[in-house]
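I am opening a new notebook page for this structure.

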Amino acid sequence: RKDSALAKKTSIAPEDLWDLPLIISRQTAHDPVLRKWFQRDVSQLNIVSTYNLIYNASLMVDEGFGYALALDKLANTSEGSNLCFVPLNIDSEVHLDLVWKKYQAFSKAAELFLKRVQERLGRS
């Protein structure tokens, strides 16, 4: 939240989060890069909830339940929002997978989106 002490930081170090209530994605709990960054086993962290959709996590953060770990630009952090994004102080890239059915019938918008992603990644 914008009224949190963490909101004033330019980046977040592992020790900043060790004792705070965390809301993490289910995938994050198994991410070896993040576990190494935390310098602690996941069982030692104060994980109060996990999420599949960042929107749900953003509602919990807005209500003060904890701090969500998420990628930038996925949650509403606009001027009218109570939320903000502060990056982790981490020297690593996040691995993401985009998966679809091989013979899926897409809407025009989804088809265009997939085409643009493939062009951007140099794949067809």
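**Entry 1: a serine in a helix.** I started with S58. Beyond its neighbours within four places in sequence, S58 is in contact with A75 and L83. I note that the model is predicted. I then looked up where S58 sits, and it belongs to helix α3, residues 54-62. Is S58 buried or exposed? Its relative accessible area is 11%. S58 counts as buried because 11% falls under the 20% limit.

**Entry 2: the cores.** Next I looked for nonpolar cores. The largest one has 13 residues. L17, L22, F38 and L69 have the most contacts inside it. Which elements give two or more residues to this core? I found β1 (22-25) and α2 (32-38). Of the elements, α2 gives the most, with three residues.

Leaving out residues up to four places away in sequence, F38 touches P14, L17, W18, L22, L45 and L69. Three of these partners, L17, L22 and L69, also stand with F38 on the list of residues with the most contacts in the core.

I also found a second, separate core of six residues. Among its members are I23, A57, V61 and L83.

**Entry 3: salt bridges.** I then turned to charged side chains. How many salt bridges are there? The count comes to four.

D3 pairs with R1, and their closest N and O atoms are 3.1 Å apart. D3 is exposed, at 56% relative accessible area. R1 is partly exposed, at 26%.

R1 also meets D62 in a salt bridge, at 3.3 Å from N to O. This pair links distant parts of the chain: D62 lies in helix α3, R1 in the segment before α1 (14-17), and 61 residues separate them. D62 is partly exposed, with 29% relative accessibility.

D16 forms a salt bridge with K9, where the closest N and O atoms are 3.6 Å apart. D16 has a relative accessible area of 21% and is partly exposed.

Which residues do shared partners join into one network? I noted R1, D3 and D62.

Key
Residues numbered from 1 in each chain as written. Predicted model: local features only at pLDDT ≥ 70, side-chain atom pairs only at ≥ 80, totals over all residues. Heavy atoms only, no water. Core = buried A, V, L, I, M, F, W, Y, C linked by side-chain atoms within 4.5 Å. Buried < 20%, exposed > 50% of the residue type's maximum accessible area, 1.4 Å probe, protein only. Helix = DSSP H or I, 4+ residues; strand = E, 2+ residues; numbered from the N terminus. Contact = heavy atoms within 4.5 Å.
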